[in-house]
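Okay, thanks for coming, everyone. Let me put the model up, and then I'll walk you through the places where its parts meet.

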Amino acid sequence: MRLFRYLGLLVLAGLAGFWLLTRPERLDPSSMSGMTGDAARGQLVFAAAGCAACHAAPGAEGEARLVLAGGEGFASPFGTFYAPNISPSPDHGIGGWSAQDLANAMQHGTSPEGQHYYPAFPYVSYANAELGDIADLYAYLITLPVSDTPSRAHDVGFPFNIRRGLGLWKWLNVGKGWVMADPGDAQVARGRYLVEALGHCGECHTPRDALGGMQRDKWLTGGPIPGSSKGRFPDLTPNALKWSAEDIAYYLETGFTPDFDSAGGAMADVIQNTALLPPEDRAAIAAYLKALPAN
Amino acid sequence: MISKARISVAAVALVAMSGVGFAASHSQGEFAREIKARQAQMTLNAFNLGILGAMAKGEMEYDAEAAGLAASNLAASSSIWMPTAWPEGSDNASTEGTRALPAIWAGDSDIGAKAQALSEAVAALQTAAGTDLEALRGAIGPVGAACGGCHKAYRAEE
C-alpha cells in the first residue's frame with residue numbers, strides 16, 4: 001500500500017516536472033512598450049531574415065513573393081511541415097497580432113495562444129534577434145498584401161504531434177546564445193548577427209543530432225539535405241570554403257561563384273534576399289565566415 | 001590439372017571484369033554527346049561572365065571595349081538555340097552526368113519564360129557593359145538572378 005503511495009507521488013512529481021519544463025515561455029509583457037517599428041527598416045530585416053523564402057506560396061516570383069500565404073512543405077525525419085500564412089489576414093494570418101506576439105513567436109517559438117511552434121520555424125536562431133528589429137519587421141509585415149488562404153496542417157505523426165512535448169526539445173536547444181563567443185570586431189559582430197540570428201544559416205548548414213537539434217560543436221560544417229539521397233548542404237567553415245571574403249560577398253550579391261557558375265536550389269532563394277541587403281552587410285557575413293574556426 | 005574451384009574463380013573474375021566494362025560504358029550514359037554540348041554552352045557563358053565579373057569585383061581593370069566584347073559574346077553564347085541538345089529523357093533521373101531535372105520537360109514547365117528572362121537581362125548587360133563600371137556592376141545582378149531562377153527550379157543540387 002505504502003509502495004503505491006510513493007509511486008503515486010513519484011508519478012505526480014514527474015508530471016509536475018514535465019509540466020514545468022514544457023511550459024511555453026513568453027517575454028515580459030512590458031518588454032516592447034514604447035517601441036515604434038519603422039516599416040522601411042523592417043523591409044531590410046524581412047530580407048535578412050528570409051521570411052519570403054518559406055512563407056511565400058510555392059513557386060511565387062517577383063511581387064508575388066510579398067504575399068505570405070504559406071503552403072511550402074518542408075520534409076524532415078519527423079514529418080512534413082507546412083509554412084503557415086503570415087500575411088496580415090485577421091482570420092488566417094497575423095492580422096490580429098501585436099508586435100509582442102511576433103517577438104514571442106520569433107524569440108521563444110510561442111504562439112499568441114500559448115502553444116509551442118515546431119522548430120521548422122527557425123526560432124532557435126531568431127532567439128538572438130533584437131527586439132527593435134522585430135518591431136521594425138512587424139511594422140513592415142502588416143503593410144503587406146492580405147491572403148485568405150488557410151494554413152495547411154503539418155503532417156506529423158505520434159509522438160511528435162503532441163506539441164507540449166516540444167517544451168523538452170526547446171529546453172535542450174533554445175536560448176544557448178551565440179555560437180561564436182567573441183567576434184573580435186564590429187564587422188564580424190554584425191556578420192554574426194546576420195548569420196547566426198536573422199539569416200538562420202545554421203538551420204541548413206549545421207548538421208543536426210538524432211532529435212533534430214543543431215550540433216553547435218559542428219557549427220556550419222554542412223550536412224545532408226532532408227528528403228534528398230545525394231544532396232548536401234555545403235560546409236561554410238574555412239576548412240572547406242576557400243573563397244576570398246570578396247568572392248563570398250559577390251556570391252551573396254549576384255549568385256555567381258568564383259567560377260561563374262550560379263547558385264541553384266534553396267540557395268537561389270537566399271541570394272534573392274541577400275542581394276537586397278546593403279553591401280556592408282554582405283561584407284560582414286563574409287568576414288564572419290572567414291572568422292569561423294578551421295579544425 | 002586445373003581444379004574446378006579455380007575455374008569457378010576465373011569465371012567469377014571474368015564476369016566481374018565484363019561487369020566493370022559494362023559499368024564504365026554505362027556511366028557515359030545515354031545522350032552523353034547532347035549533355036556535353038549543352039554543358040559546353042554553359043562553360044562559354046561562364047567564361048565571358050567571368051571577365052565581366054572580374055571587372056565588377058575590381059580584380060581586373062575596367063575596359064569598356066573588353067567589357068563590351070565579353071557582353072556581346074555572352075549574348076551570342078546564351079542565345080544559341082539548340083533544342084536537339086535537350087532531348088526528352090536526358091534528365092538526371094534517366095541518365096548519367098547531368099543535373100537537369102525532369103521538370104524541364106514536364107507539361108507545366110516554364111523554361112521558355114526563364115530563357116526569355118535571361119535574354120532580357122543579358123540585353124541590358126550588353127548596353128551597360130560598354131557604358132561605365134557602375135552601369136556594368138548594376139547589370140550583372142539581374143543576369144545572376146535569371147541564371148538562379150532557372151537553376152533553382154530545374155537543376156538538382158550537388
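**Two chains and their interfaces**

So, the UniProt record, an unreviewed entry, puts "domain: Cytochrome c" on residues 37-145 and 186-293 of chain A; those positions are in the numbering used here, feature names are shortened, and annotations like this may be inferred rather than shown by experiment. Before I go on: this is a predicted model, with local features needing pLDDT of at least 70 and side-chain atom pairs counting only at pLDDT 80 or more, while totals for chains, interfaces and linings use all residues. Residues are numbered from 1 along each chain as its sequence is written, chains are lettered from A and ligands numbered from 1 in the order written, and side-chain values use heavy atoms, with hydrogens and water left out.

Back to those annotated stretches. Residues 37-145 of chain A are 38% helix and 7% strand, with the end C-alpha atoms 18 Å apart. For residues 186-293 of chain A, it's 46% helix and 4% strand, and the end C-alpha atoms are 18 Å apart. Helices (H or I, at least four residues) and strands (E, at least two) are DSSP runs, numbered from the N terminus.

Now the domains, whose bounds come from an automatic or database assignment. Chain A splits into domain 1 (33-176) and domain 2 (178-295), and their centres, over C-alpha atoms, are 21 Å apart. How many residues of each are in contact? It's 24 from domain 1 of chain A and 22 from domain 2 of chain A, contact being heavy atoms within 4.5 Å. Together they bury about 2000 Å², 59% of it on carbon and sulfur atoms; buried area here is the accessible area (1.4 Å probe) that two parts lose on being put together, summed over both.

Between these two domains of chain A there are 9 residue pairs in polar contact, both at pLDDT 80 or more. By that I mean N or O atoms within 3.5 Å, where within protein one must be able to donate a hydrogen and the other to accept it, and residues adjacent in sequence count only if both atoms are side-chain atoms. On the domain 1 side, α2 (39-49), β1 (73-76), α5 (123-126) and α7 (166-173) of chain A each supply at least two residues, and the largest share, 5 residues, comes from α2(A).

There's 1 salt bridge across that domain interface, the rule being a side-chain nitrogen of Lys or Arg within 4 Å of a carboxyl oxygen of Asp or Glu.

Okay, on to chain B against chain A. Here 22 residues of chain B contact 22 residues of chain A, and the two chains bury about 1700 Å², 52% of it on carbon and sulfur atoms. In chain B, Lys57(B), Lys152(B) and Glu157(B) lose the most area to chain A, together 38% of what that side buries.
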